[in-house]
Amino acid sequence: MTTVIDNSSRSKLWRAAIKLPIYSVALIPLWVGTTVAIAETRNFNSTNFLIFLFASICIQVWVNVSNDVFDAETGVDVNKLHSLINLTGKETSNFWLWFGNSFLIIGVLTTSLLAFWQKDVTLLILVLLACLLGYSYQGPPFRFGYKGIGEIICFITYGPLSVSAAYYNQNPTWSLTALAASVIVGLVTCLILFCSHFHQVEDDLAGGKYSPVVRLGTAKSAQVLSWWGYGIYFLIAVFVLLKIFPPLSLLSFLSLFYALKLFTHVNNYHDQPNQVSNSKFIAVSMYLSLGLLLGIGFLLPSV
Ligand SMILES: C/C(=C\COP(=O)(O)OP(=O)(O)O)CCC[C@H](C)CCC[C@H](C)CCCC(C)C
Ligand SMILES: O=C(O)C1=CC(=O)c2ccccc2C1=O
């Protein structure tokens, strides 16, 4: 059977393929790491911030484009109409691979330039480590995301590695507050990835991808999601009690509005792919509001 796609559906598919909301994962670690550094040093290097933001966005383009290329090879994306490869044809795979790789090269070169100016390779090492782990999530021969350990990689890369890199880019040393904040950012980022698996169980199983949701089943995964989410707020409260975070970090609790919406939605529709497919975007709203408010909580006491 041939699926006929009209122009307006096609432009919707292209918008979905570009995944604009997902680019928040390149912004929030940078925002949180930078606000902790500003709170501790009362200095802000806007040039370093903007250059690293540019590098992070380039690297995120590579993550997204190469994911579609690698997933087309295993067949897990056969029903994902907004995969770049399904939109433009299998023969364009090599083009997209190199399109993505050029963004990776630009991102790494830009980070190298920053490291060169700072006369310190730490930033570059952190970013290279994140990229290597990012590749191992989706690229051959590793494809760790297919083995159900993608969430761990996601936590390390978008949490401790990215937030520490952003902090180090402003203040070349280590900080307990930045490390604690990176744990929070990492845990919320994994929550987005976890939510993205609910509607893909059938295709993932067929393509040999054993995501945590495939392994646990959707009902148990929905419960895990709620515990995981509440655990994040509990951890923020613990960091405040231990005085690692300022009391104003509790502003991030306002994001509970999206968190509760997410937990209810996924618990109601975990086994209905059409209904649960938007949970990833509710998770992005929770992530964005939590991350932005956490950063504001760090900044306000130093204003
Ligand atoms: C592409 C990713 C998830 C989507 O995967 P999946 O194929 O399961 O879902 P779809 O079928 O819906 O597409 C993201 C994977 C991210 C990876 C675990 C880690 C990447 C790390 C980056 C290189 C870190 C960037 C650091 C920068 C911000 C300094
Ligand atoms: O396309 C996706 O589903 C995701 C892409 C992506 O880059 C990312 C990064 C960090 C956490 C989750 C996700 C996705 O879910």
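Helices (H or I, at least four residues) and strands (E, at least two) are DSSP runs, numbered from the N terminus. This is a predicted model, in which local features need pLDDT of at least 70, side-chain atom pairs count only at pLDDT 80 or more, and totals for chains, interfaces and linings use all residues. Residues are numbered from 1 along each chain as its sequence is written, and chains are lettered from A and ligands numbered from 1 in the order in which they are written.

**Exercise 1.** Describe residues 149–169 by annotation and by geometry.

*Solution.* Step one: the unreviewed UniProt entry annotates 149–169 as a transmembrane region; such annotations may be inferred rather than shown by experiment. Step two: the span is 95% helix and 0% strand. Step three: its end C-alpha atoms lie 29 Å apart.

**Exercise 2.** Characterise the shell around ligand 1.

*Solution.* Step one: 25 residues surround ligand 1 (C-beta atom, placed from the backbone, within 6 Å). The closest are S56, N67, G134, Y137 and T157. Step two: helix 2 (24–41), helix 3 (46–74), helix 6 (122–138) and helix 7 (150–170) each supply at least two residues. Helix 7 gives the most, with 7 residues. Step three: by class there are 13 nonpolar, 10 polar and 2 charged residues (nonpolar: Ala, Val, Leu, Ile, Met, Phe, Trp, Tyr, Cys and Pro; charged: Asp, Glu, Lys and Arg; polar: the others, Gly among them).

**Exercise 3.** Which helix gives the most to the shell around ligand 2?

*Solution.* Step one: the residues around ligand 2 include K19, N64, C154, T189 and K280. Step two: helix 3, helix 7 and helix 8 (176–195) each supply at least two. Step three: helix 8 gives the most, with 3 residues.
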